[in-house]
Amino acid sequence: MPAAAPKHPTACLALADGTVFYGRGFGATGQTVAELCFNTAMTGYQEIMTDPSYAGQIVTFTFPHVGNVGVTPEDDETAEPVAAGMVVKWDPTEPSNWRAAEPLTDWLARRGRIAIGGVDTRRLTRAIRPQGAPHVALSHDPEGRFDIEALVKAARAFPGLEGLDLARDVTCTQSYRWDEMRWAWPEGYSRQTQAKHRVVAVDYGAKRNILRCLASAGCEVTVLPATATAEEVLAHAPDGVFLSNGPGDPAATGEYAVPMIRKVLERDLPVFGICLGHQMLALALGARTVKMNHGHHGANHPVKDLETGKVEITSMNHGFAVDAQTLPGGVKETHVSLFDGSNCGIRVEGRPVYSVQYHPEASPGPQDSYYLFERFAADMAARSRATT
């Protein structure tokens, strides 16, 4: 018979304002501090936990069914979970999916990530929306021993994400090649063996599925660390340069990324950015970024393409945004959020240089935004024809 559930709370979440939520802990034991955000996606909890853009954050999942499909190594967006922890309404269920390799609880414990269940996530989300993303401390102790005063103090001591360059923490340490393409039934992942375009992807915290989409669009992908110089990028003679997603304050990462991008922009190369890469491109072009109140985190965000009038259902994960009012002349706003009007895309007029704030590789819509990878490939093909 399974062990009886403890009658006392085994985990607690302490907010910097002194509010405390008690629940049942699972995954690893211990304590962690981070910024708290919420994600409204109905699926993809494993992809969310392994998305490098969540570095420094604990994720509240508003959808109650978490753990029902288990986890599988094929769905990891990077080698290890990056989000600091998770908060859910119901305790994770046993996996009921043919692809599951292990239960979520075991995976979290093995990967050193703390989680809490049995929390009123609706109340927690309603607190985050007006007040902004709070700093929190999350503790899991099977014996239920919590020093609340110390936890609140730890939450208050968390420095926050503003001014933090987290891309250095999640980027690759050396360059590598990527040729794996998107998953397809029944073969799963296949390899790109007939690439037509050479792409350098600058890794600020790149998700694997972005690299797969580039490979599926006909690209031979070389991934370089976030700190790569323009000379290192151009040494690979790329047909195009991709700027990846990532965590932290874009202004901090921009200290070293912006000079590189500006030098690359001096060449007549297609440049495409996603998420943090979008913000990096905007900064390089002369715009500014701002910290959002609670950010955009979910898989159901409507974004309008201002040039076509089309509305795309997108996946988002960002706590900073490009200030559209600071875009310089010659840089056009192309996409906006229909939730709050914030900037979601830009392009340089007359050049194949553009970026979006959302995640087209995450299959939102489910294929609403894949055209961006095809456009990038088409721009590289056009440049190749023009130079031969």
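This is a predicted model: local features need pLDDT of at least 70, side-chain atom pairs count only at pLDDT 80 or more; totals for chains, interfaces and linings use all residues.
1. **An edge-to-face pair.** Start with Phe-272 and Phe-373, whose ring centres are 5.7 Å apart. Their planes meet at 80°, so the pair is edge-to-face, because an angle over 60 degrees counts that way. Phe-272 belongs to strand 12 (residues 271–274) and Phe-373 to helix 10 (residues 371–386), so this pair ties together parts that are 101 residues apart in sequence. Phe-272 is buried, at 0% relative accessibility, and Phe-373 is buried too, at 1%.

2. Two arginines lie over ring faces here. Arg-182 sits over the face of Tyr-370, 4.0 Å from the ring centre, while Arg-375 sits over the face of Tyr-354, 5.6 Å from the ring centre.

3. **A histidine to look at.** His-297 is found in strand 13 (residues 289–305). Is His-297 buried or exposed? Its relative accessible area is 4%, so His-297 is buried, the limit for that label being under 20%. The side chain of His-297 makes a polar contact of 2.7 Å with the side chain of Asn-317. Leaving aside residues up to four places away in sequence, His-297 touches several others, including Cys-37, Tyr-54, Gln-57, Met-316 and His-318.

4. **A cis peptide bond.** Most peptide bonds are trans. The bond joining Trp-185 and Pro-186 is cis, with omega about 5°. Pro-186 lies in the loop between strand 8 (176–178) and strand 9 (197–203).

5. **Two positive phi values.** Most residues other than glycine have a negative phi. Ala-237, however, has a positive phi near 50°. You will find Ala-237 in the loop between helix 7 (230–234) and strand 11 (240–243), where Ala-237 is partly exposed at 40% relative accessibility. Ser-363 is not a glycine either, yet its phi is positive, at about 55°. Ser-363 lies in the loop between strand 17 (353–356) and helix 10, and at 38% relative accessibility Ser-363 is partly exposed.

Methods
Residues are numbered from 1 along each chain as its sequence is written. Side-chain values use heavy atoms; hydrogens and water are left out. Rings of Phe, Tyr and Trp (its six-membered ring) pair if their centres lie within 6.5 Å; planes under 30 degrees apart count as stacked, over 60 as edge-to-face and the rest as tilted. Helices (H or I, at least four residues) and strands (E, at least two) are DSSP runs, numbered from the N terminus. Buried means under 20% relative accessible area, exposed over 50%, partly exposed in between (1.4 Å probe, protein chains only). A charge sits over a ring if NZ of Lys or CZ of Arg is within 6 Å of the ring centre and within 35 degrees of the ring normal. A polar contact is a pair of N or O atoms within 3.5 Å; within protein, one must be able to donate a hydrogen and the other to accept it, and residues adjacent in sequence count only if both atoms are side-chain atoms. Contact means heavy atoms within 4.5 Å.
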